[in-house]
Amino acid sequence: AKEKKRHMGDTKHFCPVSLKENFVLYPGLYEHAAKYQEKIYYFSTSEYRDKFLKNPEEYVAHNEPIQAPPLRVCLLGTHGAGKTTCARQIADKLGIFHIQFEEYLQELILPKTKEKVGPDFDGEPEEDDNKMTILSQELDNFSQTMAKTEAEKSKQEVELTDEEEAIKANLMDNEALPPEVLDNIVLDWWRKEPFRSTGFILDGFPRTLDEAQYLSERGLCPDVAVYIQVEESDVLDRLFPPRLKEWKERQYRKMENKKKLKDLKAKIRV
């Protein structure tokens with residue numbers, strides 16, 4: 001085994017072309033191996049092997065050892081498992097970036113939507129508020145005009161691009177993000193600064209088999225993928241109290257709105 005290891009190339013069992021061009025450690029395959037200067041190199045694809053053989057000096061070490069990429073971690077787990085809390089602690093300890101995937105998606109469309117979207121941010125409709133708005137407009141025509149202007153302005157602001165629509169559909173209804181949209185988001189974390197040389201922990205991605213296959217097809221290999229497994233009862237204990245608090249606050253606002261509505265109706269009758 002030691003003799004075999006001694007004859008492996010500078011990148012050992014990782015593809016030297018993937019490392020040089022994409023700065024990722026992509027495991028090479030035995031069927032795509034090639035020999036250069038009495039050392040064996042393994043490649044992720046036959047195309048990369050052929051590329052290496054055309055100009056091997058571009059991919060081998062010279063005066064210094066080949067630099068390995070920084071740590072890249074994918075942290076997975078069910079909603080409420082504590083991924084974000086753990087990710088923040090790990091990122092702080094290791095000095096790498098923390099990327100919360102769904103939060104990042106929210107930030108991409110927030111300038112137009114003006115508020116976060118999705119099941120976690122959809123409150124119950126408060127019909128009493130709408131009734132009070134109508135009654136208030138009957139009392140003040142000027143306010144009605146201003147409200148109409150603001151509504152038209154708001155409508156213009158929420159006209160989303162196709163990419164933004166895809167992101168919103170993903171956040172609202174869990175529809176899959178097309179590969180071309182993922183290309184505009186995910187590729188930069190592996191290939192552009194400051195992420196490329198610093199590393200990151202990607203919190204909550206990939207979430208589906210299609211997203212995992214996307215990473216594989218693009219050659220975006222995390223060094224570590226960690227799945228946090230928790231009991232359902234623990235998730236309920238963590239998520240239920242704040243949700244119950246929000247529900248109670250909504251109920252309180254509804255009661256307050258009913259009181260205001262009653263006062264407005266009385267004012268109109270007078």
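The accessible surface of the protein, computed by the Shrake-Rupley method with a 1.4 Å probe and, for residues, with only the protein chains shown as cover, comes to about 17900 Å², of which 51% belongs to carbon and sulfur atoms. The model is predicted, so local features need pLDDT of at least 70 and side-chain atom pairs count only at pLDDT 80 or more, whereas totals for chains, interfaces and linings use all residues. Residues are numbered from 1 along each chain as its sequence is written, and side-chain values use heavy atoms, with hydrogens and water left out.

The protein contains 12 helices and 6 strands, taken as DSSP runs numbered from the N terminus (helices H or I, at least four residues; strands E, at least two). Of its 270 residues, 30% count as buried, that is, under 20% relative accessible area with a 1.4 Å probe and protein chains only, exposed being over 50% and partly exposed in between. Among contacts (heavy atoms within 4.5 Å) between residues at least 6 apart in sequence, 71% join residues at least 24 apart.

The interior may be considered through its nonpolar cores, sets of buried Ala, Val, Leu, Ile, Met, Phe, Trp, Tyr and Cys residues joined through side-chain atoms within 4.5 Å. The largest has 24 residues, of which F101, I167, I185, V186, W189, W190 and L202 touch the most other members. Two or more residues of this core come from each of α5, α8, α9 (179–191), β5 (200–203) and α11 (209–217), and α9 gives the most, with 7 residues. Leaving aside residues up to four places away in sequence, V186 touches F101, F205, Y214, L215 and L220. A second, separate core of 9 residues includes A34, Y41, F43 and Y59.

Helix α8 also holds N170. This residue counts as buried because its relative accessibility is 4%. Beyond residues up to four places away in sequence, N170 touches L105, E175, A176, L177 and R207.

A pocket here is an open set of points on a 1 Å grid over the protein atoms alone, where a 1.4 Å probe fits, with protein on both sides within 12 Å along at least five of seven lines; lining residues have an atom within 4 Å of a point. Of the 38 lining residues, H79, G80, Q100, E102 and D120 lie nearest the centre of the pocket. The largest share of the lining, 5 residues, comes from α12.
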